[in-house]
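Here's a quick briefing to read alongside the model. Have a look at the fold first, then go through the points by topic.

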Amino acid sequence: MTQSTGRGQGRSARLLAASDGLSSAAILASLLLPPGQRVLRLPQVRRLDVDNLKADLFLPECGPSPGIVLALGALREGRRYELLQKAASSVSSCGFAVLVPELGRLRRLVLGGDAVNDLVHAALVLPGLDGVIDAPVGLIGFSLGGSLALLAAAHPRLQGRVAFVAAMGAYFRLNDMLAAATTEGTLLMPPSQYAIAASLVATLPDPDRELLESALDAGRETPLQAVSRIETGSVGPRARNILALLRNRDPSRIASLTSAIEDLPAMLAALSPESVIDRLTVPIWALHDERDRYVPFSQFEVLRSAAAGRPNWRFLATRVFEHTEPLPPMLNPRRLLGDYLPGLIKLFRFVHGPLATIRDAANRP
């Protein structure tokens, strides 16, 4: 009797493993194929507003399913961003209930504690929705959303409620992002520079905030130059200090300029995964492209160094993305064999590992 049960459990485990492998391959195919080519059936989509949290819930046809929250980055399209919708649909079609919430002010490219709070709220709400198994949820984050997922997973309200974190293109230290955006202006792309500047400007009182926001909106492609044209005599002390920080090009002055702005060092620390790394005990997958121009690859390297020796972390470096968007394969055989195929294998591991983890969490008594 015991042996028969053991064989049955072994067969079930093998079937689940095979299912996760096929699901991972199908998700990759859905994301990499040109638009219009579908390999998975479309799930049902519900538009939700739960306690002022707006979100889209993607539900498969297979009944109650494990829950996953997708955390987007700073995108003006918000949760309706095409690639994000495609990712949510692909993951859901493989048997998962996927929630895509609007987080804080990320649609305005403003990063703040409200985005973390919204993600924590989404993770708490998801297991109680119709069609979702009441079990720990997975957190998948892209770009800034990956950093938010790491912060949320360490939140006391989510203790025991998170099955895994998968973070793609995440930052580790917000101070480093500030330095990269301002003192190495050619390194980061304008959207990243804009998000850093807009997040600082959002801490200002009116009318200084409105003045600087207008300047940023008028110069979205060159945000640092846009704010540099503002006369410092026309704004208050805090705005002058923020302008000095955004105009600075000397890395050695970052610390002193930051310290001159009340509450800013604490805000930068609170929004940096570095501050919670000791509280992150769930399985974590971190993936980053080596040529990332939105969040420097150096952020992945310092995260990997900080997490060295921690068995719950897995790190995967690729050369197949433009930040978080997959690039088409190169026809050059050397690039194809040296970059693209190894990158796809790592991307498969990045998808497969979390899927297997959350299915296991959902099947526990």
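**The core and the big picture**

The largest nonpolar core has 116 residues, and L70, L119, L139, L148 and V165 have the most contacts inside it. A nonpolar core here is a set of buried Ala, Val, Leu, Ile, Met, Phe, Trp, Tyr and Cys residues joined through side-chain atoms within 4.5 Å. Keep in mind that this is a predicted model, where local features need pLDDT of at least 70 and side-chain atom pairs count only at pLDDT 80 or more, while totals for chains, interfaces and linings use all residues. Residues are numbered from 1 along each chain as its sequence is written, and side-chain values use heavy atoms, with hydrogens and water left out.

**Whole chain**

- The protein chain has 13 helices and 10 strands; these are DSSP runs numbered from the N terminus, with helices being H or I of at least four residues and strands E of at least two.
- Of the 365 residues in the protein chain, 50% are buried (buried is under 20% relative accessible area, exposed over 50%, partly exposed in between, with a 1.4 Å probe and protein chains only).
- Among contacts in the protein chain with a separation of 6 or more, 73% come from residues 24 or more positions apart (contact means heavy atoms within 4.5 Å).

**The sheet**

- 8 strands make an open sheet with mixed pairing, in the order β1-β2-β4-β3-β5-β6-β7-β8; two strands pair if DSSP finds at least two bridges between them.
- β1 (44–50) and β8 (313–318) sit at the edges with a single partner strand each, so one side of each has no neighbour in the sheet.
- On average, neighbouring strands of this sheet are turned by 20 degrees against each other, direction ignored (axes are lines fitted to C-alpha atoms, for helices over the stretch in contact, and angles run from 0 to 180 degrees between N-to-C directions).
- Strand β7 (residues 284–289) runs parallel to β8, joined by 6 bridges, and D289 has T318 of β8 as its bridge partner.
- Helix α12 (residues 297–306) packs on the sheet, where α12 touches β7 and β8 and its direction makes about 155 degrees with that of β8.
- β6 (residues 162–168) is mostly covered, with 7 of its 7 residues buried.

**Two packed helices**

- Helix α3 (residues 113–125) and helix α4 (residues 144–153) pack at about 65 degrees, with their axes 9 Å apart.
- A115, V116, L119 and V120 of α3 meet L148, A149, L151 and A152 of α4.
- That contact of α3 with α4 has 8 nonpolar, no polar and no charged residues (Ala, Val, Leu, Ile, Met, Phe, Trp, Tyr, Cys and Pro count as nonpolar, Asp, Glu, Lys and Arg as charged, and the others, Gly among them, as polar).
- Leaving out residues up to four places away in sequence, L119 touches V69, A71, L103, L139, L148, A149 and A152.
- α4 is mostly covered too: 10 of its 10 residues are buried.

**A loop residue, S65**

- S65 lies in the loop between β2 (53–59) and β3 (67–71).
- S65 counts as buried because its relative accessibility is 0%.
- Not counting residues up to four places away in sequence, S65 touches P60, G95, F96, A97, G131, V132 and I133.
- S65 and D134 are 69 residues apart in sequence and 8.9 Å apart in space, C-alpha to C-alpha.
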